[in-house]
Amino acid sequence: MLRQPSVDKKDVKSIYRATALGSYSSVDFETKTSVQDPYHLISLLFEKGCVLLRQAEEQLKRDDSEGFFASTSHAMQIVIGLREILDLENGGDLAAQLYETYTAIGLSLSKARTNQDLESIEKLYTALNELREGWETIK
């Protein structure tokens, strides 16, 4: 007879939470992007990037390497996308500074991803969230 592996209740809650968060954010993001202005779409990119970094934190805590790499890859795509939509010709110093900031976040995310560094992922979440909050004030 096969023996069922024991599962800690805390692990089960964490798995359900991560699954629910992922499902909600996917449906919510798809719904919001169907008819929105460009400013709002950028807000959604920031929001999704933050959600992905939080998911990566949870996945790392659960030793879910596959999920962690998927979340961090998607977050990296968002950071690169935010960098690429900057208008460097007309955006002046602010656009140049944001370009450098997104580049630094991307490089740090790549390193944190390779090293599976929870502390760095948490710091990157804080940085991206601060940028998100800044965007919300000018929008």
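**Fold and core**

Q: How much of the protein chain is buried?
A: Buried residues make up 31% of the 139 residues in the protein chain. Keep in mind that this is a predicted model.

Q: How many helices and strands are there?
A: The protein chain has five helices and zero strands.

Q: And what share of the contacts with a separation of 6 or more is between residues 24 or more positions apart?
A: That share is 63% in the protein chain.

Q: Now α4. Which of its residues are buried?
A: Ala95, Leu98, Tyr102, Ile105, Gly106, Leu109 and Ala112.

Q: Why that kind of spacing?
A: An α-helix has 3.6 residues a turn, so residues three or four places apart point the same way.

Q: What covers the buried residues of α4?
A: The cover includes α2 (38-61), α3 (65-84) and α5 (118-138).

Q: What does leucine 109 touch?
A: Leaving out residues up to four places away in sequence, Leu109 touches Leu53, Thr72, Ala75, Met76, Ile121 and Leu124.

Q: Which residues touch the most other members of the largest nonpolar core?
A: That core has 23 residues, and Phe46, Leu53, Leu82, Tyr102, Leu109, Ile121 and Leu124 touch the most other members.

Q: Which helix gives the most to this core?
A: α2, with seven residues.

Q: What follows α4?
A: Glutamine 116, with a positive phi near 50°.

Definitions and conventions:
Residues numbered from 1 in each chain as written. Predicted model: local features only at pLDDT ≥ 70, side-chain atom pairs only at ≥ 80, totals over all residues. Heavy atoms only, no water. Buried < 20%, exposed > 50% of the residue type's maximum accessible area, 1.4 Å probe, protein only. Helix = DSSP H or I, 4+ residues; strand = E, 2+ residues; numbered from the N terminus. Contact = heavy atoms within 4.5 Å. Core = buried A, V, L, I, M, F, W, Y, C linked by side-chain atoms within 4.5 Å.
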